[in-house]
Amino acid sequence: MKPIFKAAMAFVVVASMTITGCKTSEENYKAAYEIARQKKEDASGVGSDVYDKMKKEAIDTRLIVAGDSLPMNTVNVNVAAQSIEPTEVKQYNVVINGFKQVFNAKSQVTRLKAAGYAGAFLLENSDAMYYVVAGSYPTAEEAAAAYNNIVKDKNVVMKAPYPWILRPARLPLR
């Protein structure tokens, strides 16, 4: 065989291997998707398994006040350590965020207090999920007014599904 023919054949073989070796496969897409999903979960602080447990534990209902329908969940919670006295937790609580790490939750409470929400505190569920509460109210009307005010407040940054009204499954809390 002529050397030029051998070189051309070698080039064709190497080129075909390179082209077929670079093709993306469903497996590659799946791996990239999983990496991206994990990064998103790490950034949010709430893993999908924890979020699923939260949704199962919470009883999702709507609070109807003066024709407005507000998101409300009934959750079994306790006051997080060094937050407030359990007797200060009322029937309706405006939740603006939830965190897996207590440090992040405490930081949010500090920012809320600096923004004028002196009654901000933390509640904790059985899966160590910390809810940041902007205020606690004895009546649905007061909670609805506070909910509407916090939605309008540009100093408070929230992402869906927040804010919502938390109704403790039992009172008084421990």
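Two strands pair if DSSP finds at least two bridges between them. The exercises below apply this to a predicted model.

**Exercise 1. Find which strands pair with β6, and state in which sense they run.**

Step 1. Strand β4, residues 92-99, is joined to β6 by seven bridges, and the two pair in the antiparallel sense. Within this pairing, phenylalanine 99 has tyrosine 130 of β6 as its bridge partner.

Step 2. Strand β5, residues 121-125, also runs antiparallel to β6, with four bridges between them. Here glutamate 124 has tyrosine 130 as its bridge partner in β6.

**Exercise 2. Classify the aromatic pairs formed by tryptophan 164, using the ring centres and the angles between the planes.**

Step 1. Rings pair if their centres lie within 6.5 Å, and planes under 30 degrees apart count as stacked, whereas those over 60 degrees count as edge-to-face. By this rule there are two aromatic pairs.

Step 2. Tyrosine 131 and tryptophan 164 lie 5.5 Å apart, centre to centre, with 80 degrees between the planes, and this pair is edge-to-face. The pair links distant parts of the chain, since tyrosine 131 belongs to strand β6 (residues 130-137) and tryptophan 164 to strand β7 (residues 164-168), 33 residues apart.

Step 3. Tyrosine 162 and tryptophan 164 have ring centres 6.2 Å apart and planes at 25 degrees, so this pair is stacked.

Step 4. Tyr131, Tyr162 and Trp164 form one aromatic cluster. Tryptophan 164 is buried at 5% relative accessibility, and tyrosine 162 is buried at 15%.

**Exercise 3. Work out where the buried residues of helix α5 lie around its axis.**

Step 1. The buried residues of α5 are Ala140, Ala143, Ala144, Ala146, Tyr147 and Ile150.

Step 2. These residues cover an arc of only 165 degrees around the axis, and therefore lie on the same side of α5.

Step 3. The face turned away from this buried side carries the exposed residues Glu141, Asn149 and Lys152.

Key: Residues numbered from 1 in each chain as written. Predicted model: local features only at pLDDT ≥ 70, side-chain atom pairs only at ≥ 80, totals over all residues. Heavy atoms only, no water. Phe/Tyr/Trp six-rings, centres within 6.5 Å; stacked < 30°, edge-to-face > 60°. Buried < 20%, exposed > 50% of the residue type's maximum accessible area, 1.4 Å probe, protein only. Arc of directions from axis to C-beta.
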